[in-house]
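The sequence and coordinates come first.

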Amino acid sequence: MKKLTLRNIMLCLALSFFASGAMANNNTLLDQTHAAKGLKCASCHGKAEIRQPVTMSKCVTCHNTQKLAAKTKNVKPTNPHENRHFGTETDCLKCHSVHQKSENYCGSCHLRFDFVVP
């Protein structure tokens, strides 16, 4: 009986290790996610010959900050889309990068806020 229990524990540990690694190693960049949904570069960067940088005002034309805050209300230890510093109006680009890996802006001061940022 002990071998079976130990085997189950080892199996659970191994599976949790690989599952957490798979979740944390999402290497899909936001430009790829947007392209997969049929958006062209001009949708965010404009149609000018020189592409314009993406601003928060462009993000919120598709992504409503109130809805995002409601969607992430149960994220622990705190809701990243509704916080004491900026309410629901944190600049999207503080965390989310389009052409490079996104970062957890909150984690630079709040070490326990280990959000996985798409």
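Apart from residues up to four places away in sequence, Cys95 touches Ser102, Glu103, Tyr105 and Val117. Cys95 also belongs to the largest nonpolar core, which has five residues: Cys95, Cys106, Phe113, Phe115 and Val117. In soluble globular proteins, nonpolar side chains tend to be buried together.

The model is predicted, and the confidence values belong with any reading of it. The mean pLDDT of the protein chain is 84, and 78% of the residues score at least 70. Where pLDDT is low, the predicted coordinates should not be read in detail.

**Aromatic pair**

Two members of the core return here. One aromatic pair is found in a search of the whole structure. The ring centres of Phe113 and Phe115 are 5.7 Å apart and the ring planes lie at 40 degrees, so the pair is tilted. Phe113 counts as buried because its relative accessibility of 10% is under 20%. Phe115 is buried as well, at a relative accessible area of 14%.

**Cysteines**

How many disulfides does a search of the whole structure find? The search finds zero. For Cys44, the nearest cysteine sulfur is that of Cys62, 6.7 Å away. For Cys59, the nearest is the sulfur of Cys92, at 4.3 Å. A disulfide requires sulfur atoms within 2.5 Å, so Cys59 is in no disulfide at 4.3 Å. Is Cys44 buried or exposed, or partly exposed? Cys44 counts as partly exposed, with 28% relative accessibility, whereas Cys59 counts as buried, with 17%.

His45 lies in helix H3 (residues 41-45) and is buried, with a relative accessible area of 14%. The His45 side chain reaches the backbone oxygen of Gln52 at 2.7 Å. Gln52 is also among the contacts of His45 beyond four places in sequence, together with Arg51, Pro53, Val54 and His99.

Thr88 is located in the segment after H5 and is buried, at a relative accessible area of 14%. Its side chain makes a polar contact of 2.9 Å with the side chain of Gln66. Beyond four places in sequence, Thr88 is in contact with Thr65, Gln66, Ala69, His81 and Glu82. Thr88 and Asn64 are 24 residues apart in sequence, and their C-alpha atoms are 9.6 Å apart.

The segment after H5 also holds Pro77. The peptide bond from Lys76 to Pro77 is cis, with omega near 10 degrees.

**Accessibility of the residues discussed**

| Residue | Relative accessibility | Class |
|---|---|---|
| Phe113 | 10% | buried |
| Phe115 | 14% | buried |
| His45 | 14% | buried |
| Thr88 | 14% | buried |
| Cys59 | 17% | buried |
| Cys44 | 28% | partly exposed |

Technical notes
Residues numbered from 1 in each chain as written. Predicted model: local features only at pLDDT ≥ 70, side-chain atom pairs only at ≥ 80, totals over all residues. Heavy atoms only, no water. Phe/Tyr/Trp six-rings, centres within 6.5 Å; stacked < 30°, edge-to-face > 60°. Buried < 20%, exposed > 50% of the residue type's maximum accessible area, 1.4 Å probe, protein only. pLDDT = per-residue confidence, 0-100. Helix = DSSP H or I, 4+ residues; strand = E, 2+ residues; numbered from the N terminus. Polar contact = N/O pair within 3.5 Å; in protein donor to acceptor, adjacent residues only side chain to side chain. Contact = heavy atoms within 4.5 Å. Core = buried A, V, L, I, M, F, W, Y, C linked by side-chain atoms within 4.5 Å.
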